Amino acid sequence: SQASFDEDSLQQPAVGHWKPLMPSKGSKEEPETGCQDAGRVDETQSTEQLNVSRLRSSSVEIREKGSEFLKEELHKAQKELKLKDKECERLSKVREQLEQELEELTASLFEEAHKMVREANTKQAAAEKQLREARGKIDMLQAEVTALKTLVITSTPSSPNWELHPQLQSPSKAVFRKGHGRNKSTSSAMVSAASQNMTPEPVSHEHKEVDAILFAEFQAWKESPTLDKSCSFLDRIYREDIGPCLDFTKQELSELVRVAVEQNTLTIEPVASQTLPVVKVSAEECGGTKKCALSGLPRTCKHRIMLGDSGNYYYISPSCRARITAVCNFFTYIRYIQQGLVRQDVELMYWEVMRLRREMSMAKLGFYPSEM
(Lines give C-alpha, C1' and ligand atoms only; values in the text may rest on other atoms or scores of the structure.)
Protein backbone atom coordinates (compact mmCIF):
# COMPACT_ATOMS: atom_id res chain seq x y z
CA SER A 1 0.00 0.00 0.00
CA GLN A 2 2.90 2.27 0.79
CA ALA A 3 4.38 1.60 -2.62
CA SER A 4 1.13 2.49 -4.37
CA PHE A 5 1.00 5.75 -2.34
CA ASP A 6 4.44 6.74 -3.50
CA GLU A 7 3.55 6.11 -7.10
CA ASP A 8 0.39 8.17 -6.90
CA SER A 9 2.25 11.03 -5.32
CA LEU A 10 4.73 11.06 -8.14
CA GLN A 11 2.06 11.11 -10.77
CA GLN A 12 -0.15 13.86 -9.34
CA PRO A 13 1.13 17.46 -9.37
CA ALA A 14 1.38 19.53 -6.15
CA VAL A 15 -1.44 21.88 -5.39
CA GLY A 16 -0.53 25.67 -5.17
CA HIS A 17 0.15 28.98 -7.07
CA TRP A 18 3.63 29.85 -8.26
CA LYS A 19 4.59 33.27 -9.43
CA PRO A 20 6.89 33.38 -12.36
CA LEU A 21 10.30 34.74 -11.52
CA MET A 22 10.71 36.34 -14.84
CA PRO A 23 7.84 37.82 -16.81
CA SER A 24 6.80 36.19 -19.95
CA LYS A 25 7.08 37.92 -23.30
CA GLY A 26 3.33 38.18 -23.98
CA SER A 27 2.38 39.63 -20.61
CA LYS A 28 1.13 43.30 -20.27
CA GLU A 29 1.90 43.82 -16.56
CA GLU A 30 5.69 43.62 -16.77
CA PRO A 31 6.46 47.43 -17.04
CA GLU A 32 4.38 48.48 -14.01
CA THR A 33 5.91 45.85 -11.75
CA GLY A 34 9.45 47.00 -12.65
CA CYS A 35 8.70 50.64 -12.00
CA GLN A 36 7.23 49.94 -8.64
CA ASP A 37 10.27 47.98 -7.60
CA ALA A 38 12.62 50.74 -8.75
CA GLY A 39 10.68 53.37 -6.84
CA ARG A 40 10.73 51.33 -3.75
CA VAL A 41 14.50 50.92 -3.95
CA ASP A 42 15.02 54.65 -4.43
CA GLU A 43 12.77 55.42 -1.56
CA THR A 44 14.62 52.96 0.64
CA GLN A 45 17.96 54.48 -0.32
CA SER A 46 16.81 57.99 0.38
CA THR A 47 15.45 56.87 3.75
CA GLU A 48 18.76 55.27 4.61
CA GLN A 49 20.66 58.40 3.56
CA LEU A 50 18.35 60.53 5.64
CA ASN A 51 18.90 58.27 8.63
CA VAL A 52 22.67 58.38 8.11
CA SER A 53 22.65 62.19 7.87
CA ARG A 54 20.55 62.37 11.00
CA LEU A 55 22.94 60.06 12.80
CA ARG A 56 25.87 62.18 11.67
CA SER A 57 24.25 65.41 12.82
CA SER A 58 23.30 63.88 16.15
CA SER A 59 26.86 62.57 16.72
CA VAL A 60 28.27 66.01 15.94
CA GLU A 61 25.89 67.58 18.41
CA ILE A 62 26.83 65.00 21.03
CA ARG A 63 30.51 65.70 20.42
CA GLU A 64 30.00 69.44 20.73
CA LYS A 65 27.95 69.10 23.89
CA GLY A 66 30.48 66.61 25.34
CA SER A 67 33.38 68.96 24.58
CA GLU A 68 31.52 71.88 26.20
CA PHE A 69 30.74 69.75 29.26
CA LEU A 70 34.35 68.64 29.52
CA LYS A 71 35.54 72.23 29.19
CA GLU A 72 33.21 73.29 31.97
CA GLU A 73 34.41 70.43 34.17
CA LEU A 74 38.02 71.30 33.38
CA HIS A 75 37.38 74.93 34.26
CA LYS A 76 35.79 73.89 37.57
CA ALA A 77 38.68 71.54 38.33
CA GLN A 78 41.18 74.33 37.62
CA LYS A 79 39.31 76.67 39.97
CA GLU A 80 39.24 74.03 42.68
CA LEU A 81 42.94 73.33 42.13
CA LYS A 82 43.72 77.03 42.55
CA LEU A 83 41.71 77.08 45.78
CA LYS A 84 43.54 74.01 47.01
CA ASP A 85 46.89 75.62 46.18
CA LYS A 86 45.92 78.74 48.12
CA GLU A 87 44.80 76.59 51.06
CA CYS A 88 48.04 74.60 50.98
CA GLU A 89 50.04 77.82 50.90
CA ARG A 90 48.09 79.18 53.86
CA LEU A 91 48.54 75.95 55.82
CA SER A 92 52.28 75.87 55.04
CA LYS A 93 52.58 79.44 56.37
CA VAL A 94 50.68 78.43 59.51
CA ARG A 95 52.97 75.43 59.94
CA GLU A 96 56.09 77.55 59.55
CA GLN A 97 54.75 80.04 62.08
CA LEU A 98 53.95 77.25 64.54
CA GLU A 99 57.40 75.71 64.08
CA GLN A 100 59.04 79.08 64.69
CA GLU A 101 56.95 79.64 67.82
CA LEU A 102 57.78 76.11 69.00
CA GLU A 103 61.51 76.70 68.51
CA GLU A 104 61.32 79.99 70.39
CA LEU A 105 59.35 78.35 73.20
CA THR A 106 61.84 75.45 73.39
CA ALA A 107 64.78 77.86 73.46
CA SER A 108 63.16 79.92 76.22
CA LEU A 109 62.38 76.76 78.21
CA PHE A 110 65.98 75.53 77.89
CA GLU A 111 67.29 78.94 78.90
CA GLU A 112 64.98 79.01 81.90
CA ALA A 113 65.99 75.45 82.84
CA HIS A 114 69.70 76.32 82.62
CA LYS A 115 69.07 79.42 84.70
CA MET A 116 67.28 77.37 87.35
CA VAL A 117 70.10 74.80 87.34
CA ARG A 118 72.71 77.55 87.77
CA GLU A 119 70.72 79.07 90.63
CA ALA A 120 70.30 75.63 92.23
CA ASN A 121 74.02 74.91 91.91
CA THR A 122 74.84 78.29 93.43
CA LYS A 123 72.47 77.70 96.32
CA GLN A 124 73.82 74.17 96.78
CA ALA A 125 77.41 75.45 96.86
CA ALA A 126 76.43 78.11 99.41
CA ALA A 127 74.56 75.52 101.50
CA GLU A 128 77.53 73.13 101.37
CA LYS A 129 79.85 75.94 102.43
CA GLN A 130 77.56 76.80 105.33
CA LEU A 131 77.38 73.11 106.22
CA ARG A 132 81.17 72.81 106.25
CA GLU A 133 81.45 75.91 108.40
CA ALA A 134 78.76 74.60 110.75
CA ARG A 135 80.49 71.22 110.98
CA GLY A 136 83.76 72.97 111.74
CA LYS A 137 82.10 74.95 114.50
CA ILE A 138 80.46 71.78 115.82
CA ASP A 139 83.78 69.95 115.83
CA MET A 140 85.39 72.85 117.66
CA LEU A 141 82.58 72.92 120.21
CA GLN A 142 82.76 69.17 120.63
CA ALA A 143 86.50 69.42 121.19
CA GLU A 144 85.95 72.10 123.82
CA VAL A 145 83.23 70.01 125.48
CA THR A 146 85.57 67.02 125.50
CA ALA A 147 88.27 69.15 127.05
CA LEU A 148 85.82 70.40 129.65
CA LYS A 149 84.84 66.82 130.40
CA THR A 150 88.49 65.96 130.82
CA LEU A 151 88.89 68.90 133.19
CA VAL A 152 85.91 67.75 135.21
CA ILE A 153 87.16 64.17 135.26
CA THR A 154 90.68 65.13 136.28
CA SER A 155 89.58 67.57 138.99
CA THR A 156 87.05 66.51 141.61
CA PRO A 157 86.57 67.42 145.27
CA SER A 158 87.89 64.05 146.31
CA SER A 159 90.92 64.21 143.97
CA PRO A 160 91.53 67.78 142.76
CA ASN A 161 93.85 68.56 139.88
CA TRP A 162 96.76 70.51 141.36
CA GLU A 163 97.49 72.19 138.05
CA LEU A 164 93.97 73.64 137.89
CA HIS A 165 93.95 74.59 141.57
CA PRO A 166 97.45 75.80 142.44
CA GLN A 167 96.16 77.45 145.60
CA LEU A 168 95.70 73.97 147.06
CA GLN A 169 99.38 73.12 146.68
CA SER A 170 101.99 73.68 149.34
CA PRO A 171 104.41 76.57 148.75
CA SER A 172 107.25 74.16 148.04
CA LYS A 173 105.31 72.42 145.27
CA ALA A 174 103.83 75.62 143.91
CA VAL A 175 107.31 76.81 142.94
CA PHE A 176 107.60 74.07 140.34
CA ARG A 177 104.09 74.49 138.94
CA LYS A 178 104.07 74.54 135.17
CA GLY A 179 101.19 76.33 133.47
CA HIS A 180 99.92 79.70 132.34
CA GLY A 181 99.53 82.70 134.62
CA ARG A 182 96.69 83.91 132.42
CA ASN A 183 95.19 81.76 129.67
CA LYS A 184 94.92 83.64 126.41
CA SER A 185 92.82 81.04 124.59
CA THR A 186 90.31 78.54 125.83
CA SER A 187 91.51 75.74 123.60
CA SER A 188 95.17 76.00 124.58
CA ALA A 189 94.22 76.21 128.25
CA MET A 190 92.07 73.12 127.90
CA VAL A 191 94.85 71.20 126.17
CA SER A 192 97.43 72.20 128.75
CA ALA A 193 95.14 71.53 131.71
CA ALA A 194 93.85 68.24 130.34
CA SER A 195 97.30 66.91 129.55
CA GLN A 196 99.04 67.89 132.80
CA ASN A 197 97.80 65.42 135.38
CA MET A 198 101.11 64.28 136.79
CA THR A 199 103.36 66.48 138.91
CA PRO A 200 105.82 67.94 136.36
CA GLU A 201 109.49 68.51 136.86
CA PRO A 202 111.15 71.89 136.33
CA VAL A 203 111.86 72.44 132.66
CA SER A 204 115.12 74.20 133.39
CA HIS A 205 116.63 71.01 134.87
CA GLU A 206 115.84 68.88 131.79
CA HIS A 207 118.13 68.29 128.83
CA LYS A 208 116.27 67.46 125.61
CA GLU A 209 117.53 66.37 122.24
CA VAL A 210 115.32 65.82 119.18
CA ASP A 211 115.39 62.32 117.75
CA ALA A 212 115.76 62.67 113.97
CA ILE A 213 113.64 59.60 113.10
CA LEU A 214 110.80 60.41 115.47
CA PHE A 215 110.80 64.08 114.43
CA ALA A 216 110.72 63.16 110.71
CA GLU A 217 107.77 60.82 111.31
CA PHE A 218 105.94 63.54 113.23
CA GLN A 219 106.60 66.12 110.50
CA ALA A 220 105.29 63.74 107.83
CA TRP A 221 102.15 63.13 109.89
CA LYS A 222 101.74 66.88 110.55
CA GLU A 223 101.55 67.58 106.79
CA SER A 224 98.30 65.57 106.60
CA PRO A 225 97.18 64.72 110.14
CA THR A 226 95.00 61.64 110.42
CA LEU A 227 93.91 59.17 113.07
CA ASP A 228 94.64 56.18 110.84
CA LYS A 229 97.02 53.89 112.70
CA SER A 230 98.62 52.70 109.45
CA CYS A 231 100.89 55.80 109.22
CA SER A 232 104.40 55.36 110.59
CA PHE A 233 103.97 58.00 113.32
CA LEU A 234 100.87 56.47 114.94
CA ASP A 235 101.95 52.91 114.20
CA ARG A 236 105.06 53.39 116.32
CA ILE A 237 103.09 55.02 119.18
CA TYR A 238 100.50 52.22 119.07
CA ARG A 239 103.22 49.58 119.33
CA GLU A 240 105.40 51.31 121.90
CA ASP A 241 102.95 53.26 124.08
CA ILE A 242 99.19 52.89 123.50
CA GLY A 243 99.15 49.10 123.15
CA PRO A 244 101.19 48.35 126.30
CA CYS A 245 99.41 51.10 128.28
CA LEU A 246 95.94 49.63 127.56
CA ASP A 247 97.03 46.01 127.93
CA PHE A 248 95.17 44.93 131.06
CA THR A 249 94.58 41.53 132.59
CA LYS A 250 91.01 41.34 131.32
CA GLN A 251 91.78 41.18 127.60
CA GLU A 252 88.21 41.36 126.33
CA LEU A 253 87.36 44.46 128.33
CA SER A 254 90.76 45.97 127.45
CA GLU A 255 89.93 45.72 123.76
CA LEU A 256 86.57 47.42 124.32
CA VAL A 257 88.28 50.21 126.27
CA ARG A 258 90.80 50.73 123.47
CA VAL A 259 88.05 51.01 120.85
CA ALA A 260 86.09 53.45 123.03
CA VAL A 261 89.18 55.60 123.55
CA GLU A 262 89.86 55.67 119.80
CA GLN A 263 86.24 56.61 119.05
CA ASN A 264 86.17 59.17 121.89
CA THR A 265 83.15 57.49 123.51
CA LEU A 266 84.70 56.56 126.87
CA THR A 267 83.34 58.23 130.01
CA ILE A 268 85.15 58.32 133.36
CA GLU A 269 83.34 59.61 136.38
CA PRO A 270 84.04 59.55 140.11
CA VAL A 271 81.96 57.21 142.21
CA ALA A 272 81.42 59.92 144.83
CA SER A 273 79.53 62.05 142.30
CA GLN A 274 76.60 59.63 142.20
CA THR A 275 73.31 60.80 143.57
CA LEU A 276 72.60 58.12 146.14
CA PRO A 277 69.27 57.60 147.91
CA VAL A 278 69.06 58.41 151.60
CA VAL A 279 69.74 54.90 152.89
CA LYS A 280 72.61 53.21 154.63
CA VAL A 281 75.23 52.14 152.10
CA SER A 282 78.43 50.23 152.55
CA ALA A 283 81.87 51.71 152.16
CA GLU A 284 82.32 49.62 149.03
CA GLU A 285 79.34 51.28 147.31
CA CYS A 286 80.71 54.74 148.17
CA GLY A 287 84.02 54.09 146.45
CA GLY A 288 85.64 51.76 148.95
CA THR A 289 87.45 48.52 148.24
CA LYS A 290 86.15 46.81 145.13
CA LYS A 291 87.52 44.47 142.51
CA CYS A 292 88.95 46.42 139.58
CA ALA A 293 87.20 45.40 136.34
CA LEU A 294 90.42 45.70 134.29
CA SER A 295 93.06 44.22 136.57
CA GLY A 296 90.80 41.85 138.51
CA LEU A 297 92.48 42.81 141.79
CA PRO A 298 90.75 44.20 144.89
CA ARG A 299 91.55 47.89 144.94
CA THR A 300 90.08 51.13 146.21
CA CYS A 301 88.04 52.12 143.16
CA LYS A 302 87.19 55.79 143.23
CA HIS A 303 86.15 55.98 139.58
CA ARG A 304 84.14 54.01 137.09
CA ILE A 305 84.00 53.97 133.28
CA MET A 306 81.18 53.60 130.77
CA LEU A 307 81.78 52.50 127.17
CA GLY A 308 79.65 54.56 124.79
CA ASP A 309 75.93 54.62 125.58
CA SER A 310 75.76 51.03 126.80
CA GLY A 311 74.78 52.06 130.32
CA ASN A 312 77.14 49.47 131.83
CA TYR A 313 79.63 50.83 134.37
CA TYR A 314 82.97 49.24 135.30
CA TYR A 315 84.82 50.22 138.47
CA ILE A 316 88.55 50.81 137.95
CA SER A 317 91.53 51.32 140.21
CA PRO A 318 93.58 54.56 140.31
CA SER A 319 96.42 52.91 138.40
CA CYS A 320 94.09 51.80 135.57
CA ARG A 321 92.50 55.24 135.55
CA ALA A 322 95.95 56.87 135.20
CA ARG A 323 96.77 54.63 132.23
CA ILE A 324 93.45 55.30 130.49
CA THR A 325 93.69 59.04 131.19
CA ALA A 326 97.23 59.20 129.76
CA VAL A 327 96.06 57.63 126.47
CA CYS A 328 92.97 59.89 126.37
CA ASN A 329 95.18 62.95 126.85
CA PHE A 330 97.34 61.88 123.91
CA PHE A 331 94.34 61.35 121.62
CA THR A 332 92.82 64.67 122.72
CA TYR A 333 95.99 66.54 121.75
CA ILE A 334 96.43 64.94 118.33
CA ARG A 335 92.74 65.54 117.60
CA TYR A 336 93.30 69.23 118.39
CA ILE A 337 96.22 69.23 115.95
CA GLN A 338 94.10 67.51 113.31
CA GLN A 339 91.31 70.08 113.74
CA GLY A 340 93.76 72.97 113.54
CA LEU A 341 93.19 74.18 117.11
CA VAL A 342 96.87 74.10 118.08
CA ARG A 343 98.75 77.16 116.81
CA GLN A 344 102.35 76.37 117.76
CA ASP A 345 105.67 75.66 116.16
CA VAL A 346 106.21 72.12 114.89
CA GLU A 347 109.02 71.49 117.36
CA LEU A 348 106.91 72.61 120.32
CA MET A 349 104.10 70.31 119.24
CA TYR A 350 106.63 67.49 118.87
CA TRP A 351 107.88 67.94 122.43
CA GLU A 352 104.31 68.03 123.74
CA VAL A 353 103.69 64.70 122.00
CA MET A 354 106.86 63.30 123.54
CA ARG A 355 105.71 64.47 126.98
CA LEU A 356 102.37 62.71 126.51
CA ARG A 357 104.21 59.55 125.43
CA ARG A 358 106.29 59.75 128.59
CA GLU A 359 103.10 59.95 130.64
CA MET A 360 101.81 56.78 128.97
CA SER A 361 105.09 55.00 129.63
CA MET A 362 105.14 56.09 133.29
CA ALA A 363 101.50 55.05 133.78
CA LYS A 364 102.24 51.66 132.23
CA LEU A 365 105.08 51.16 134.75
CA GLY A 366 102.69 51.92 137.60
CA PHE A 367 103.62 55.53 138.40
CA TYR A 368 100.70 57.86 138.92
CA PRO A 369 99.98 60.93 141.08
CA SER A 370 98.72 60.38 144.57
CA GLU A 371 95.53 62.33 143.83
CA MET A 372 94.44 59.64 141.38
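**Strand pairing and surface**

Modeller: Thr267 stands opposite Met306 in β4. This is a predicted model, where local features need pLDDT of at least 70, side-chain atom pairs count only at pLDDT 80 or more, and totals for chains, interfaces and linings use all residues. Residues are numbered from 1 along each chain as its sequence is written, and side-chain values use heavy atoms, with hydrogens and water left out.

Colleague: How many bridges join β1 to β4, and do they run parallel or antiparallel?
Modeller: Five, and β1 and β4 (residues 303–307) run antiparallel. Strands here are DSSP runs of E with at least two residues, helices are runs of H or I with at least four, both numbered from the N terminus. Two strands pair if DSSP finds at least two bridges between them.

Colleague: How many residues of β1 are buried?
Modeller: Four of the five in β1 (residues 266–270). Buried means under 20% relative accessible area, exposed over 50%, partly exposed in between (1.4 Å probe, protein chains only).

Colleague: And the whole protein, what fraction is buried?
Modeller: 27% of its 372 residues.

Colleague: Different topic. Where is Leu109 found?
Modeller: In helix α2, which covers residues 30–154.

Colleague: Why does Leu109 count as exposed?
Modeller: Because its relative accessibility is 53%.

Colleague: What about contacts, how many are between residues 24 or more positions apart?
Modeller: 67% of the contacts with a separation of 6 or more. Contact means heavy atoms within 4.5 Å.
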